[in-house]
Each structure stands twice: as C-alpha cells, then as structure tokens.
Amino acid sequence: MKSTQNANWQQQQRSSTTKLAIWTVTWLLSLALATFGPMMFWQSTGLSLTATAVNVLVGIAVLIANRNQLRSLDELQQKIQLEAMGLTLGITIIIALAYTTLDSQFQLNAKDTISNLMFIIGITYIIGLLLGRRKYQ
Amino acid sequence: MKNRLKVLRAERDWTQADLANALDVSRQTINAIEKGKFDPSLPLAFKAARLFKRKIEDIFTDQSEFD
C-alpha cells in the first residue's frame, strides 16, 4: 500500500489548511486594527491609510493561501467547494440586487449593509458545504 | 456510471481508507464513487486501473450503454 504517498498528500492538505487559517486570522486582526486604530490609537490619516494598505496586502495573501488550499483538495472536495461557492455567489447577488431595488424605492437606509452581506455570504457558504457533503455521502 | 471498485477492493480485503490512501483521495471520495454518486476524473480512473491491474472499462461502465 502506498501509505507514505497518501500521508504526504494528507500532510500537504493539513499544512495548506493551517496556513490558510493563520493568514485568515492575521487578516481579521489587520482589519480590526484598520477599523479601530483611528478610533482608539491614532489620529493620523497616514497611519489609517497604511493600516488599510496592510489589510489589503494580507487579504491578497489570504487569497493565495485559499487557492493553494483548494488545490490540495481531492477532486470531490474541490467539487463540493466549487458548488458551495457558486451557491454563495448566486444568493449574494440576488439578495444584494433585491435590497438595492427596495432601497431605491423605499429608502430603507439600513445600517451595516456590508456586515449584513458578509453574514449572508458566510452562512450561505457553510450551508452550501454541508449540503455538498450530504449529497455525496 | 457503474463501477466494480467495491468488489475489487473486497477481493483484496482493503478498507475504503486503504483504497483512498492508495489513490491519494479522501475516504469520502471512495465512498461516493462506490455508491455511484460521483464519477471520478480520467486521471483518477486510470490510477485505479493501474492499481488493480485492470483495464478502465473492466472497472467503470458507462451507464448509457444500457439505455
């Protein structure tokens, strides 16, 4: 049995997943710093712009780590991820455009629109993954 | 697509995990293929054929042949 080869594949998957987790946490921390830094720690526009630039750069690192993690998955796992992402994209677009239409007609002026959208994206993605895993069980 | 993976695996007394290890995929993938819920890619099918020392068509059968 080629258990060593598969151990390498599993180790690679674990490694790429760990890296993705680390970069994601780093990105969240940089986002918190960029958001709350100007409120709590400094008044400088330059520092605020720098913090945002760092957040964007770390975000790019997250994208690369995510791509590498997806590549480390086997074909069924990749298919489940792709279907979950497709569902998330579709639902997000539908809800966002519906909200825009309602807002233009009724001046909804809802607060924290982006946060609500991120919540919808997160929940839809998780549901998509769960549905995918169940479909192929 | 129908396949004989389960039969070939049983002949060698392998678990799904053993077969997954040999083909560098997850046990979930092997389970889905055996149940006919997922069709493997051509490279994976060739890999399975090499592993079992059979032709691809001896392991995987196109369902449309019976339509």
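Mentor: Let us begin with a single pair of side chains. The model is predicted, and in it the side chains of Lys135(A) and Glu83(A) form a salt bridge, with an N to O distance of 3.8 Å.

Trainee: Which parts of chain A does the pair of Lys135(A) and Glu83(A) tie together?

Mentor: Lys135(A) belongs to helix α4 of chain A and Glu83(A) to helix α3 of chain A, so the bridge links parts that are 52 residues apart in sequence. Over all chains, the count comes to six salt bridges.

Trainee: How many salt bridges are there between chain B and chain A?

Mentor: The count between these two chains is zero. The rule for polar contacts, however, finds four residue pairs across the interface of chain B and chain A, with both residues at pLDDT 80 or more. On the side of chain B that touches chain A, α2 (16-23) and α3 (27-34) of chain B each supply at least two residues. By class, that side has eight nonpolar, six polar and four charged residues.

Trainee: How is the size of such an interface expressed?

Mentor: It is often given as the accessible area lost when the parts come together. Here the area buried between chain B and chain A is about 1,500 Å², and carbon and sulfur atoms give 53% of it. Within chain B, the residues that lose the most area to chain A are Asp24(B), Gln28(B) and Phe38(B), which together account for 39% of what that side buries. In terms of contacts, 18 residues of chain B meet 16 residues of chain A.

Trainee: What shows where empty space is left?

Mentor: One rolls a probe the size of a water molecule over the atoms. In this model, the largest pocket has a volume of about 570 Å³. Its lining has 16 residues, and those nearest the centre are Val62(A), Asn66(A), Met118(A), Ile121(A) and Tyr125(A). Two or more lining residues come from each of α1 (3-40), α2 (45-72), α3 (75-106) and α4 (113-135) of chain A.

Trainee: Which element gives the largest share of that lining, and how do the residues of the lining divide by class?

Mentor: The largest share, six residues, comes from α4(A). The lining of the largest pocket divides into ten nonpolar, six polar and no charged residues.

Trainee: What volume does the second largest pocket have, and which residues line it?

Mentor: The second largest pocket holds about 260 Å³ of space. Its lining includes Gln69(A), Leu73(A) and Arg133(A) from chain A, together with Ser26(B) and Gln28(B) from chain B. Both α3 and α4 of chain A supply at least two residues of this lining. By class, the lining of the second largest pocket has four nonpolar, five polar and one charged residues.

Definitions and conventions
Residues numbered from 1 in each chain as written. Chains lettered and ligands numbered in written order. Predicted model: local features only at pLDDT ≥ 70, side-chain atom pairs only at ≥ 80, totals over all residues. Heavy atoms only, no water. Contact = heavy atoms within 4.5 Å. Buried area = accessible area lost by both parts, 1.4 Å probe. Salt bridge = Lys/Arg side-chain N within 4 Å of Asp/Glu carboxyl O. Polar contact = N/O pair within 3.5 Å; in protein donor to acceptor, adjacent residues only side chain to side chain. Helix = DSSP H or I, 4+ residues; strand = E, 2+ residues; numbered from the N terminus. Nonpolar A, V, L, I, M, F, W, Y, C, P; charged D, E, K, R; others polar. 1 Å grid on protein atoms, 1.4 Å probe; cavity = no way out; pocket = protein on both sides within 12 Å on 5 of 7 lines; lining within 4 Å. Points joined across faces, edges and corners; volume = space filled by probe spheres on them.
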